[in-house]
Amino acid sequence: MTETVKSIACWLGGLAAAGLASWLYSDLYACLPRAQKVLLNFAVNRLPENMRASWREQWQADLNDMPPSELWRTIVALDLVRAAIRLRPAAQGGVFAMLRREIRLYSFLWQLYGMRHFFFGALIKRPGGLPKLQLPNFVMTAMWAAVVVRMMWMRLLILLAMPTIVVITLWS
Amino acid sequence: MCRPYRPACLTETKTLCSLQTMGTELKPTLHLLRATKVFTNARGYRATGADIMKATKLPSGTVYPMLARMEKAGWVRAEWEEVDPSEVGRPRRRFYILTGVGQRSAQTALNDLGVSAGAPV
């Protein structure tokens, strides 16, 4: 009896998480154009002042010419930060300054990698066996999966797969 | 073990890595040659950063610093689109145009790959 209740609770929990993921997906997707502007400003502000106006105009025009996918444009805008960091030494002639900035950027990315169990915990298989389920892992994974995979049938698959993962994990 | 194909021209430092262009040395990397090939395919031998990103699948963090280096070395020259942003309702595009120097230097490198860099501007 307890097992049955537990499985029903898990299934409902998964359903709720998938619904939440879908809701978050819509919200995040609506925020992407704003995120592009923020990233573009952040990248432009990495440049020396005399270069900012021309690069801003050029990057805005190029972002408009990208394929009509907000997610793709956001990725391009995110990489403009790296472009700006690399453009600085070209203008100021400091190779070591460029190296310092690159090391700082990559150490930040490495820290993000260290947090992978938080973001994708439910998908990362640990040495002991099946993934260890924790609520933040589960919600974050569902959210990222829904954001990355936009297709409706895949969202349906996630909806069905998540409760199964919960049940298997609790039973193991 | 499989190793990625790397053209011989990219390892021959004597002929290619010492190319002198307008006083600035520019190493013809594979990315740079791929970008140069885009200019020969584009109409009027000119392309925007977005065109190069789409054609070469290179990320923006690679393309723009490379274009800046190419411009500094004289391989390309840049010019703004001749439109009024307030009239067309969008920012002006910045076109990069392959120069004769860039075409000749790229052609030397591309000869080893057995492809043509097109006619100079």
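These are my notebook entries on a predicted model with a chain A and a chain B.

**Ground rules.** I number residues from 1 along each chain as its sequence is written, and I letter chains from A and number ligands from 1 in the order in which they are written. Because the model is predicted, I note that local features need pLDDT of at least 70, side-chain atom pairs count only at pLDDT 80 or more, and totals for chains, interfaces and linings use all residues, while side-chain values use heavy atoms, leaving out hydrogens and water.

**Entry 1: chain A overall.** I looked up the elements and found seven helices and zero strands in chain A. Helices here are DSSP runs of H or I with at least four residues, strands are runs of E with at least two, and numbering starts at the N terminus. Chain A has 172 residues, and 35% of them count as buried (under 20% relative accessible area with a 1.4 Å probe, protein chains only; exposed is over 50%, partly exposed in between). I also checked contacts, meaning heavy atoms within 4.5 Å. Of the contacts in chain A with a separation of 6 or more, 56% join residues 24 or more positions apart.

**Entry 2: Gln36(A).** I found Gln36(A) in helix α1, residues 2-45. Is Gln36(A) buried or exposed? Gln36(A) is buried, because its relative accessible area is 9%. Gln36(A) touches Glu70(A), Arg73(A), Thr74(A) and Ala77(A), with residues up to four places away in sequence not counted. Arg73(A) is 37 residues from Gln36(A) in sequence, yet their C-alphas are 7.2 Å apart.

**Entry 3: helix α2(A).** I followed this helix through residues 49-64 and got a reach of 23 Å from first C-alpha to last, close to the expected 22 Å (1.5 Å times one less than its number of residues). Among the buried residues of α2(A) are Trp55(A), Glu57(A) and Gln58(A).

**Entry 4: where A meets B.** I looked up the contact, which takes 20 residues from chain A and 21 residues from chain B. Together the chains bury about 1700 Å² (accessible area lost on being put together, 1.4 Å probe, summed over both). In chain A, Glu57(A), Gln58(A) and Asp65(A) lose the most area to chain B. Two salt bridges cross the interface (a Lys or Arg side-chain nitrogen within 4 Å of an Asp or Glu carboxyl oxygen). I found Arg93(B) and Asp65(A) meeting in a salt bridge at 2.6 Å, N to O. On the side of chain A that touches chain B, α2(A) gives the most, with nine residues.

Technical notes
Buried area = accessible area lost by both parts, 1.4 Å probe.
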